[in-house]
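I opened my notebook today to walk through one structure. Here is what I looked up, entry by entry.

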Amino acid sequence: MAATKELTQGAPLPLIFKFTLPLLLGNMLQQTYSLVDAAIVGRFLGINALASVGASTSVVFLILGFCNGCCGGFGIPIAQKFGARDYSAMRQYVSVSLKLSGVMSVVLAVVTSLLCGFILHAMRTPDAIFDGAYAYLLVTFIGIPFTFFYNLLSCIIRALGDSKTPFWFLLLSTVLNILLDLFCILVLDWGVAGAAIATVVSQGVSALLCYAYMRRHFDILRSTSAERRYSGRVARSLLSVGLPMGLQFSITAIGSIMLQSANNALGTACVAAFTAAMRIKMFCMCPLESLGIAMATYAGQNYGAGLPRRVLSGVKASGVMMLVYCAFMALLLWTSADVFALLFVSPDETEILADTVLFLHISVSFFPILGLLCILRYTIQGVGYTNLAMLSGVSEMVARVAVSLWAVPAWGYLAVCCGDATAWWAADFFLVPAFIYVYRQLHKRLAGAQGLSSER
């Protein structure tokens with residue numbers, strides 16, 4: 001039987017750190033997908049091919065971010081039921097989440113595949129890279145069910161306190177992705193589409209293996225026919241958490257699409273620099289994102305167990321870890337950003353290299369703001385206030401749209417580099433008071449529950 005883990009007892013900092021570590025390694029492997037795709041495409045297929053991959057990055061984040069957000073939301077009630085030790089209800093939530101995911105992922109795959117061309121035209125994708133961007137986007141969208149199910153199964157396992165098992169499947173998937181990248185691009189000569197095919201196939205394999213492992217090793221998930229029956233009440237409960245989380249990612253991505261659209265209009269060189277810098281930035285963001293994901297499970301379990309003070313202690317412990325990491329990353333990127341950029345761009349592309357380094361220097365300077373965003377947003381989601389977390393995404397979107405419409409036309413690529421930092425500030429201005437409100441509400445709920453208990 002695979003091990004589950006309760007996060008409701010023990011010192012928060014070591015608990016969160018140990019739980020975050022496999023998440024971090026898994027996220028880094030997932031970003032390695034993107035790094036490998038971009039590095040192989042940029043080095044072997046050229047700058048136009050690299051720009052083709054990058055031209056659709058924000059759209060991919062819009063759709064896959066929605067999928068990942070829904071999966072994370074579905075995992076929150078499961079974590080809460082696990083924390084409350086209501087295992088029968090937990091299994092019912094697992095069963096219904098699988099059914100909902102099957103329907104949602106197929107519908108998304110069909111609709112988005114049909115809209116690929118329209119989306120790229122709307123984003124003012126340069127003609128020179130349109131065909132490659134279309135091929136990459138189409139294959140990615142066709143593979144949405146694989147991505148959806150892998151992320152859902154990983155979230156379910158993490159909700160039970162096990163962050164190690166998804167990592168091993170992701171490790172296998174990453175190695176497979178690298179091998180398939182090289183095979184599809186260098187041997188089969190499938191170009192940009194080959195990079196997307198490699199990613200989709202590797203994620204599909206990871207999803208299937210993860211499901212088979214869960215069925216065989218997690219005794220706590222073995223359900224009765226009654227627990228497997230579809231329930232409209234459970235479905236509504238899951239969707240009330242999952243949809244706002246999915247929409248939060250999508251709303252955030254709308255701002256990113258506007259920013260990328262404005263950058264696309266600056267030409268192929270700026271698109272290539274943006275692509276390389278974004279891949280590096282996303283990789284460096286992994287620890288911050290992982291810390292946030294860990295806090296969602298930690299907060300969910302402790303909320304389910306009626307321990308709001310442990311939620312605040314977890315936020316403080318995560319903040320300490322976040323600041324230490326941000327200081328290290330600032331030192332690394334301010335001294336070595338050009339070295340990382342050379343993974344994607346040849347040394348003679350001096351303009352693209354300079355623009356990539358500029359983007360990274362500005363982004364890393366504001367990583368503490370991003371770290372606070374991740375910790376607070378995921379904590380608020382973990383205790384069930386997903387609508388508030390979604391509104392923080394609206395703040396990000398508004399900030400990026402403002403930069404796209406007014407700053408980029410005036411200051412060009414420099415404004416593009418500042419777009420993310422502006423959005424992070426806007427989100428934190430909302431999230432800090434939102435967290436204070438949520439924490440007070442948790443105490444009121446606990447006091448009310450204790451009062452009812454004493455009356456009985």
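**Entry: two loop residues.** I began with Arg85, which is found in the loop between α3 (57–83) and α4. The model I am reading is predicted. I checked the backbone of Arg85 and found phi near 65 degrees, a positive value in a residue other than glycine. I then went to Asp189, in the loop between α8 (165–187) and α9 (191–217). Phi of Asp189 is near 60 degrees, and here too the value is positive in a residue other than glycine.

**Entry: the whole protein.** How many helices and strands does the protein have? I found 18 helices and zero strands. I noted a radius of gyration of 22 Å, close to the 23 Å that the globule rule gives for 456 residues, so the protein is as compact as a globular protein of that length. I also looked up the extent of the C-alpha trace, which spans about 75 × 40 × 35 Å along the principal axes.

**Entry: confidence.** The protein averages a pLDDT of 85, and 94% of the residues score at least 70.

**Entry: α4 with α7.** How do α4 and α7 lie, roughly parallel or roughly antiparallel? Helix α7 covers residues 144–159, and it packs with α4 at an angle of about 155 degrees, with their axes 8 Å apart. An angle over 145 degrees counts as roughly antiparallel, so α4 is roughly antiparallel to α7. I wrote down that α4 passes α7 in a right-handed crossing. On the α4 side I listed contact residues including Val94, Leu98, Ser101, Gly102 and Leu108. They meet residues of α7, among them Ile144, Phe148, Phe149 and Leu152. By class, this contact has 12 nonpolar, five polar and no charged residues.

**Entry: α4 with α11.** I stayed with α4, which covers residues 87–114, and turned to helix α11, residues 232–264. Their axes come within 9 Å and cross at roughly 65 degrees. The two helices are therefore roughly perpendicular to each other. The crossing of α4 and α11 is right-handed. In α4 I picked out Gln92, Tyr93, Val96, Ser97, Leu100 and Met104, which meet residues of α11 including Arg233, Val234 and Leu238. The residues of this contact divide into nine nonpolar, three polar and one charged.

**Entry: α13 with α14.** My last stop was helix α13 (residues 286–304) and helix α14 (residues 308–341). Their axes come within 10 Å and cross at roughly 170 degrees. That makes α13 roughly antiparallel to α14. From α13 I noted Pro287, Leu288, Met295 and Tyr298 among the residues in contact. On the α14 side, the contact residues include Val311, Gly314, Met321, Tyr325 and Cys326. What is the make-up of the contact of α13 with α14 by class? I found 12 nonpolar, three polar and one charged residues.

Technical notes. Residues numbered from 1 in each chain as written. Predicted model: local features only at pLDDT ≥ 70, side-chain atom pairs only at ≥ 80, totals over all residues. Heavy atoms only, no water. Axes fitted to C-alpha atoms, helices over the stretch in contact; angles between N-to-C directions. Helix = DSSP H or I, 4+ residues; strand = E, 2+ residues; numbered from the N terminus. Parallel < 35°, antiparallel > 145°, perpendicular 65-115°, else oblique. Left-handed = near helix turned anticlockwise from the far one by under 90°. Contact = heavy atoms within 4.5 Å. Nonpolar A, V, L, I, M, F, W, Y, C, P; charged D, E, K, R; others polar. pLDDT = per-residue confidence, 0-100. Rg over C-alpha atoms; globule rule 2.2 N^0.38 Å.
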